[in-house]
Amino acid sequence: SLSRGRSWQAWRSNADIADVVLSADVNIGTLESSVQTAIMLRYGNDLRSTYASSLLGSSRASNPFSINGGWFVYTAIGAGYTFHQIFFDGNTFTDSRSIDYDPERIGVTTGIAYSWNNWSLTLAVVDANLLESDETLDSATQFGTFTIGWGG
């Protein structure tokens, strides 16, 4: 698997209490090949030092986080396209089981990130695919996340 992502602050208020973060992500590999982009609006403090963590929002594994006693609330909308996902499409080298799904996706996330000392806590609510038409898959794209981080 080869992945590359980038995020940047497209706009930041003079007081550094609000910003707009853009991100883009490309994945090429056996498990998944996909592209996605997102825009995130944040309000809080110490935003300059944490905008890169917005790339974490593209997976279920983690959330954007805050550091150095900062906090922020955020809302993001993202769009993507999946060329291949082994868990849905099956094996690429031989014929195997697969299911139908919408390769295009538009998702939204809203949450809050807070940090103290060396700890960070983020809570978020996600609808990872507003376009999903299959009710079974639709329920799998709506979830909440809770991330605890520690940096020594």
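Start by selecting arginine 12 and aspartate 16, whose side chains meet in a salt bridge at 3.7 Å, N to O. A salt bridge here is a side-chain nitrogen of Lys or Arg within 4 Å of a carboxyl oxygen of Asp or Glu. This is a predicted model, in which local features need pLDDT of at least 70 and side-chain atom pairs count only at pLDDT 80 or more, while totals for chains, interfaces and linings use all residues. Residues are numbered from 1 along each chain as its sequence is written, and side-chain values use heavy atoms, leaving out hydrogens and water.

Colour the pair by accessibility. Aspartate 16 is buried, with a relative accessible area of 15%, whereas arginine 12 is partly exposed at 32%. Buried means under 20% relative accessible area, exposed over 50%, and partly exposed in between (1.4 Å probe, protein chains only).

Next, select aspartate 19 and arginine 42, which form a salt bridge at 2.7 Å, N to O. This pair links distant parts of the chain, 23 residues apart: aspartate 19 is in strand S2 (residues 18-28) and arginine 42 in strand S3 (residues 32-45). Strands (E, at least two residues) are DSSP runs, numbered from the N terminus. Both aspartate 19 and arginine 42 are buried. By this rule the count comes to two salt bridges.

Now go to threonine 109 in strand S5 (residues 104-116). Threonine 109 is buried, with a relative accessible area of 17%. Leaving aside residues up to four places away in sequence, threonine 109 touches Tyr74, Thr75, Ala76, Ala124, Val125 and Val126; contact means heavy atoms within 4.5 Å.

Notes. Helices (H or I, at least four residues) and strands (E, at least two) are DSSP runs, numbered from the N terminus.
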